[in-house]
Amino acid sequence: MKTKQPHIILFNPDQWRGDVLGHLGHPAANTQHLDRLVDEDAVSFNHAFCQNPVCTPSRCSFMTGWYPHVRGHRTMYHMLKPDEPMLLQKLKEAGYYVWWGGKNDLIDPNAGGGYADYCDVKHAVPDTTRRMFGSDLRRGEPDGDAFYSFYVGNIEKNEGEAYYPDSDWAHVHAAIDLIRVAPNDRPLCIYLPLLYPHPPYAVEEPWYSSIDRSTLPPRITDIIWEGKPSMLIGLRDNLKLNRWTEQRWNELRATYYAMCARVDEQFGLLVQALKDAGMYDDTAIFFFSDHGDFTGDYGLVEKTQNTFEDCLTRVPFIVKPPAGTLVNP
């Protein structure tokens, strides 16, 4: 299907480190679909950095083109207001059919026209969908050394299930369904801000076992703390994770890489749907994250506000332009 304007895919996993990509040389990464896209049709930027190491400030930045400080978007609680320009809004005004499937952490849904100002559809997750981000994080006892780790490990599936049917899978399959019946009179923009690989560190088979633990590179542990934010040292000393053996760290890290592998599989399914629908050549695809994750570096997990270590600020950024588009080397 030919349109004057290209279709656009904004594939936006949450908390994906910039180094966890096989084509950039990470020995433990299982990212075959992204690797294939870069090998055949896309450009991958080795040194792409976000503007803030937590969700909302970073999302406000890449959706407006502003630094977070321009309008004070420095915290998780200061989201975009109706008077602030936003990419999805501009695409909708330009005639795109904008479909948003995934988390928010971006706009104030109670201000102005809510989601209707930014998209034609804000996909709702079915009530039957399981939610990994609920109250049960299996964190262990509060006085234990795993309570603050967010480590879960292998998610058990019901018999006969191919995957754990959580909200990410629901959004991805809904996006694929949309591609199959895409409107003929308007270019399509699909925005997929997925939850994974945001902790808790939990994933189902076959991805859980897909990471070769023996290929994990060393964590960042040889640290000169002088000049580092005091928050990092405070967390290191108080989360009790300094009691962990390297084997336990490797299990947490492998689970995180496996979560990335699951997202890579979901991305591959979406790309195949575009090809099956004859839309792939006419589609611009952008794969990028809002920020990274400590994943054991500095003896920490998750991320922290206003701490700009590379593992938090370096993110994947992959661009596949429409066919025939000239890209300067």
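Which residue lies over the face of W225? R236 does, at 4.8 Å from the ring centre. A charge sits over a ring if NZ of Lys or CZ of Arg is within 6 Å of the ring centre and within 35 degrees of the ring normal. R213 is placed likewise over the face of Y208, at 5.0 Å from the ring centre.

This is a predicted model, where local features need pLDDT of at least 70, side-chain atom pairs count only at pLDDT 80 or more, and totals for chains, interfaces and linings use all residues. Residues are numbered from 1 along each chain as its sequence is written, and side-chain values use heavy atoms, with hydrogens and water left out.

Start with strand 7, residues 188–192. Strands (E, at least two residues) and helices (H or I, at least four) are DSSP runs, numbered from the N terminus. Five of the five residues of strand 7 are buried, so the rest of the structure largely encloses it. Buried means under 20% relative accessible area, exposed over 50%, and partly exposed in between (1.4 Å probe, protein chains only). L188, I190 and L192 cover one side, while C189 and Y191 are on the other.

Strand 7 has parallel partners. Strand 1 (residues 7–11) joins it through four bridges. There, I8 has C189 as its bridge partner. Strand 4 (residues 97–100) also runs parallel to strand 7, again with four bridges. Y97 is bridged to L188. Two strands pair if DSSP finds at least two bridges between them.

Now turn to the rings. The whole structure holds 16 aromatic pairs. Rings of Phe, Tyr and Trp (its six-membered ring) pair if their centres lie within 6.5 Å; planes under 30 degrees apart count as stacked, over 60 as edge-to-face and the rest as tilted. The W169 and W207 rings have centres 5.8 Å apart and planes at 40°, so this pair is tilted. W169 lies in helix 4 (residues 167–180) and W207 in the loop between strand 8 (201–204) and helix 5 (230–238), so the pair ties together parts 38 residues apart in sequence. W169 is buried at 3%, and W207 is buried at 10%. F294 and Y298 have ring centres 6.0 Å apart and planes at 75°, so they are edge-to-face. Ring pairs also link F11, W16, F267 and F287 into a cluster.

Finish in helix 6 (residues 246–276), which holds Q266. Q266 is buried, at 0% relative accessible area. Leaving out residues up to four places away in sequence, Q266 touches F11, D168, W169, V172 and L194. Contact means heavy atoms within 4.5 Å.
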